[in-house]
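Hello,

I am handing over the structure below. My notes on it follow.

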Amino acid sequence: MSGFYIPQNNLLGPGCLEEISASISARGYRKALIVTDTFMEKTDTYKRLIRALTAAGCGWKVYNGTVPNPTVENVEEAYGLIAKDPCDFIVSLGGGSSHDCAKAVGITATSGGCIRQYAGTGKLKAPILPLIAVNTTAGTGSEVTGFCIITDRQRKVKLAIVDPAMTSWISVNDPTTMLSKPPALTAATGMDALTHAIEAYVSTNATCVTDALALQAIRQIIKFLPAAVENGADLEARDKMAEAQFMAGAAFSNASLGYVHAIAHQLGGIYNLPHGVCNAVLLPFVVGFNGSRSISGRFADIASCLGKDLINTNDRFSSKIVADYIMKLNARLGIPPNLKTLGVKKEDFELITEHALEDACAATNPVQAGAEGILAILKAAW
Ligand SMILES: NC(=O)c1ccc[n+]([C@@H]2O[C@H](COP(=O)([O-])OP(=O)(O)OC[C@H]3O[C@@H](n4cnc5c(N)ncnc54)[C@H](O)[C@@H]3O)[C@@H](O)[C@H]2O)c1
Ligand SMILES: [Fe+2]
């Protein structure tokens with residue numbers, strides 16, 4: 001990707017959810033498909049969304065069947081609601097799972113066929129149906145990104161679909177909708193965002209714009225994630241985390257990711273594990289692996305965001321400092337220490353490796369490995 005793509009409108013800050021009404025009215029849209037899950041459908045945030053749609057003179061239908069790590073079947077069921085009775089636009093309400101399910105529905109609506117055929121980079125035939133992504137976790141950044149991750153249960157893989165044509169119309173990051181996140185979800189989603197920022201910063205596709213976003217995201221996450229986990233009612237910490245994961249999402253959507261995500265997608269596909277937890281466990285080991293060769297002092301830059309002044313040190317040394325910091329942060333946030341604790345089985349390592357090397361995120365990892373390198377990361381993280 002050579003351009004820099006983010007949604008047309010990006011709403012941030014307490015109370016911004018209500019601002020969507022004016023944009024919907026301005027376009028004259030009459031009917032929305034809401035894509036969410038049964039938990040979110042019972043929340044106050046859902047009621048606020050309905051009030052905002054009503055204020056815009058807009059009706060709606062709801063798909064509430066999205067599961068964590070959304071599936072091809074979710075996409076087909078949700079698309080079934082609009083196949084014969086179309087909606088003007090889609091609203092996703094929830095975390096990355098709702099946004100990705102909604103994007104996949106939007107892809108099916110305008111590009112046709114089965115979602116499986118769009119796995120890979122740049123395969124969409126047309127921009128997706130307009131999407132308002134109301135984000136309630138912080139987070140995947142999916143409300144900002146041109147990425148969509150759908151689980152194919154038949155093949156036990158997560159399909160990574162990458163294309164700027166699926167970038168949403170409006171992203172909404174209202175931190176008051178995130179106050180209800182329990183500590184474990186706050187920790188996992190926050191570590192996902194940290195992984196996005198670090199992988200984007202060392203990606204072979206990084207640019208000056210994605211670098212600026214990634215480094216600021218790292219600074220805000222390490223300052224505010226522990227506070228958000230330790231006191232979920234801390235609105236400032238929630239707000240700063242919402243901003244940080246937004247910046248990390250914008251960074252990686254344009255710079256892409258690396259081996260942490262390429263491997264984590266397989267763990268999600270095989271064991272249905274929470275995405276952020278898989279990333280958090282793998283991150284220090286991939287950082288260690290990437291530090292085995294020089295990548296122009298990038299890990300010293302990251303270390304300086306962590307408060308470690310390592311200017312002019314080599315990547316081998318500074319990557320160890322970064323990996324060590326992440327291990328300690330994981331422990332403080334209650335993230336399990338290794339893949340064994342998550343229930344990952346050694347006998348699946350070869351399958352995980354094979355699919356990780358095919359994942360769209362593998363191509364931009366700064367140090368390219370064959371199967372042996374991925375196996376070494378898995379063994380170290382086990
Ligand atoms: N498309 C992208 O750019 C991208 C990037 C990273 C991850 N992902 C994908 O996103 C998915 C993970 O998304 P996620 O980590 O945001 O979690 P999620 O969307 O799977 O949600 C996890 C659970 O948290 C609940 N929840 C959501 N908001 C809540 C709130 N405010 N309070 C209480 N509970 C709440 C949900 O109902 C759900 O049960 C994975 O499938 C992953 O692969 C996508
Ligand atoms: Fe992620």
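In which helix does Val-209 lie? Val-209 belongs to helix α7, residues 208–230; helices here are DSSP runs (H or I, at least four residues) numbered from the N terminus. This is a predicted model, in which local features need pLDDT of at least 70 and side-chain atom pairs count only at pLDDT 80 or more, while totals for chains, interfaces and linings use all residues. Residues are numbered from 1 along each chain as its sequence is written, chains are lettered from A and ligands numbered from 1 in the order in which they are written, and side-chain values use heavy atoms, with hydrogens and water left out.

Surface patch

Val-209 has 38% relative accessibility and therefore counts as partly exposed. The classes are buried (under 20% relative accessible area), exposed (over 50%) and partly exposed (in between), with a 1.4 Å probe and protein chains only. Together with Phe-4 and Ile-6, Val-209 forms a nonpolar surface patch of about 220 Å² accessible area. Areas come from the Shrake-Rupley method with a 1.4 Å probe, and for residues only the protein chains shown count as cover. A patch takes residues with over 30% relative accessible area and no salt bridge, joining like charges within 9 Å and nonpolar side chains (Val, Leu, Ile, Met, Phe, Trp, Tyr) within 5 Å. A salt bridge is a side-chain nitrogen of Lys or Arg within 4 Å of a carboxyl oxygen of Asp or Glu.

Iron site

Asp-192 (OD), His-196 (NE2), His-261 (NE2) and His-275 (NE2) coordinate the iron ion (ligand 2) at 2.1 to 2.2 Å. Donors are N, O and S atoms within 2.8 Å of the metal (3.2 Å for Na, K and Ca); water is not among the atoms, so sites may look incomplete. The donor residues are spaced D-x3-H-x64-H-x13-H in sequence. Asp-192 is in helix α6 (residues 183–202) and His-261 in helix α9 (residues 259–271), so this pair ties together parts 69 residues apart in sequence. Asp-192 is buried, at 2% relative accessibility, and His-261 is buried at 2%.

Cysteines

How many disulfides are there? The count is 0, a disulfide being a pair of cysteine sulfur atoms within 2.5 Å. Cys-101 is in none, and the nearest cysteine sulfur, in Cys-148, is 8.4 Å away. Cys-101 is buried, with 0% relative accessibility. For Cys-208, the closest cysteine sulfur is that of Cys-305 at 16 Å, too far for a bond. Cys-208 is exposed at 64% relative accessibility.

Regards

Terms used
Helix = DSSP H or I, 4+ residues; strand = E, 2+ residues; numbered from the N terminus.
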